[in-house]
Protein chains: 2
Amino acid sequence: MVTRGGRRRVTIADVASRAQVSTTAVSKVLRDAYGVSPAMKERVRAAIEELGYRPHAAARAMRGRTFTVGVMLPHLRNPFFADIVDGLTDELSGTGYQAILVQGGSTQKAEKAAMDALVDRQVDGILLVAPLLARARLEEVARQVPVVVLGRHERSPHFDAVFDDDETGAELVVNHLIELGHRRIAHITHQDNSTARPGDLLHVIRADTYRRVMREHGLEDEIAVATTYYSEEGGYDGAQELLRRPSRPTAIFAGADQAAFGVLAAAHDAGLSVPGDLSVAGYDNTKLAALPNISLTSIDQPGVVMGGTAGRLLRERIEGRTTAVRFSVGPSLIVRRSTAAPADLPEA
Amino acid sequence: MVTRGGRRRVTIADVASRAQVSTTAVSKVLRDAYGVSPAMKERVRAAIEELGYRPHAAARAMRGRTFTVGVMLPHLRNPFFADIVDGLTDELSGTGYQAILVQGGSTQKAEKAAMDALVDRQVDGILLVAPLLARARLEEVARQVPVVVLGRHERSPHFDAVFDDDETGAELVVNHLIELGHRRIAHITHQDNSTARPGDLLHVIRADTYRRVMREHGLEDEIAVATTYYSEEGGYDGAQELLRRPSRPTAIFAGADQAAFGVLAAAHDAGLSVPGDLSVAGYDNTKLAALPNISLTSIDQPGVVMGGTAGRLLRERIEGRTTAVRFSVGPSLIVRRSTAAPADLPEA
DNA sequence: TCGAAAATGGGTAACGTTACCCATCGCGCG
DNA sequence: CGCGCGATGGGTAACGTTACCCATTTTCGA
């Protein structure tokens, strides 16, 4: 290891000698601990200011808190994650906590490595966004550090869950399409590589709800699901597959906007007009969905609220709460120009 | 701080007693240091395996390396950043290094805080993506830890720079529009909040190049620049402003795809067809640009390569290199359907 | 006025790891 | 046969911070 040229870091000892107090005193001031007179507090604060002291997070990690929360995201491509992180950062700002992010990737191995990386760095709490691992594995981590899981409907006594009511969301979409007069409504879902209980995964819930609503309207024979990925390529491939089927769907409900964008591309390449020949709906209401050229009907999830709530729950857990909390937010349907009545609608 | 229920962490001492060697020996094995016999190495490895030992990054941070590199991103909304991070992660995989990300935000204060957070966490190297701070401030950090800056054309003796040749890229776009027959070509640039030397900032280079190429073609009187932001809103507002001007442009070159998406929306809302009434070009060639409904002419930057290179340079610096490197990648023009000859093209 | 309790300040041993140094052993060479 | 050196292994003092405990001073009620 090369020795860097910079001056030695300002430590608590430097502050102590400057303020003519003990290092213990400085530490107490920093932590707002008991046993400090206002006068001493003032002197120490001044010394901190003058010397530009910043706590050494790694050293703190050896003893106390790091004032760091770790966030694991599957990837950075979904703009919805940006909302979550913004909500979290907002909630954390002013509390002295800093968020660090790591990429979980798409395999369980990579995800485990990412989680371990956070544990090894001694973060005070971890937010897991849409993890793949089985609940038992998450609970293992939750035994070591406070955990909040976002995007899974888990009911665990050991960590909190924040999620969108995907059942209601999917219902809104499918009902909307049925009300428009569609019967051959297909769905594109996500191929998971997960060992979680299927019923806890948002894409499974969306797909199951799609099937249930179809059945409830006597459309069980029209159920058609393509299992690809919640990504542009996945949407494209899924749509191609669905459009090749003998009874071509008149509407496709993609489980995520990203996939819906791929559906739009596939429709275009197949020479189908949207919504003339095919209605398309997504989920997440990403900003792009609102662009006039796209104008995608979608489900809005309050990502900022979800991220903020996750941050609050994490802080509560760090402060000592041990009872589990589940927080569900309500989705809302945003109708745009990608959905309309099917062209061949038989007059009622 | 609550004491967590989990078992005590496995430490180097546990491994040592299991393998019947000293902690020093274990440390040596971990670091591949000199003075270990193959036999001992094997024993220690076995013990590590059996106990599931993982190095405690925070403890390492007190003495040696953390095997962590920090990445500061302005935000998570630009999918181009995902490519950079993927490139970096790829390059780092197998080397034992882990990347952690922090959000820099849009103010210099937030950016400074984000950088400090990385320094305080004792990362071995830092990748700064499109930072706002003045070079002197970056060099201050670079004195303490290896730094690579991505997206600025900086020439500093103290850190490496990885960037796209924005001059060539902007030239490609403007020449393309001129060749199509456009004369009233406008540009949307980014309002920076930066104290960096303007000539080092990519958006300034793109804007300056736009002006230069226009002048070189005798079009100095047609130069029109809207200074908003590289974001959808920014593109929308900028386009509105440009389209209100007396001599309405027939083409708009937005400095980033995100802004170009906003331009498309503004054109739509103004009742202008693209490319019939207005040609639009972007920069970055994000995936969305390729969607048939958008089909945006853009400049492709090899983000994965840039991120990978940044990772390599960072590792080299961590290994001891102190001479500065600048790495520039070549952009390429991707022509799509958002650009065409202007409608009122006078026959030549 | 005395004693006890509260308020205030500091000493010190950890936390897990690594860098530096020293001790031992065996072997080859003069 | 003795010496020196390379190979191998370990002891130990940091790194910067905090938690626990103890010492001293101040306050206040009886």
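Predicted model: local features only at pLDDT ≥ 70, side-chain atom pairs only at ≥ 80, totals over all residues.
## Basis of the model

Local features need pLDDT of at least 70 and side-chain atom pairs count only at pLDDT 80 or more, while totals for chains, interfaces and linings use all residues; side-chain values use heavy atoms, with hydrogens and water left out. Residues are numbered from 1 along each chain as its sequence is written, and chains are lettered from A and ligands numbered from 1 in the order in which they are written.

## Relation of the two chains

Chain A is superposed on chain B by a rotation of 180 degrees with 0.0 Å of shift along its axis, at an RMSD of 0.1 Å (least squares on the C-alpha atoms of residues with pLDDT of at least 70 in both copies). That is the relation of a two-fold axis.

The copies meet through the same surface, because 100% of the interface residues of chain A are also interface residues in chain B.

## The interface between chains A and B

On chain A, 61 residues are in contact with 61 residues of chain B, contact being heavy atoms within 4.5 Å. The size of an interface is often given as the accessible area lost when the parts come together. Between chain A and chain B the buried area is about 5,400 Å², and carbon and sulfur atoms give 53% of that (accessible area for a 1.4 Å probe that two parts lose on being put together, summed over both).

The rule finds 12 salt bridges across this interface, each a side-chain nitrogen of Lys or Arg within 4 Å of a carboxyl oxygen of Asp or Glu. One of the salt bridges joins A:Lys287 and B:Glu233, with the closest N and O atoms 3.1 Å apart.

## DNA strand D

Around DNA strand D there are 25 residues, of which A:Ile12, A:Arg31, A:Tyr53, A:Arg63 and B:Ser37 come nearest; a residue is near a strand if one of its heavy atoms lies within 4 Å of it. The largest share of this surface, four residues, comes from α4(A).

Phosphate oxygens of DNA strand D lie 2.2 Å from a polar side-chain atom of A:Arg31 and 2.9 Å from one of A:Arg60. For B:Ser37, a backbone N or O atom lies 2.8 Å from a phosphate oxygen.

## DNA strand C

DNA strand C also has 25 residues around it, and the nearest are A:Ser37, B:Ile12, B:Ser27, B:Arg31 and B:Tyr53. Here α4(B) gives the largest share, four residues.

A polar side-chain atom of B:Ser27 lies 2.8 Å from a phosphate oxygen of DNA strand C, and one of B:Arg60 lies 3.0 Å from a phosphate oxygen. A base nitrogen of DNA strand C lies 3.0 Å from a polar side-chain atom of A:Thr24.

Methods: Polar contact = N/O pair within 3.5 Å; in protein donor to acceptor, adjacent residues only side chain to side chain. Helix = DSSP H or I, 4+ residues; strand = E, 2+ residues; numbered from the N terminus.
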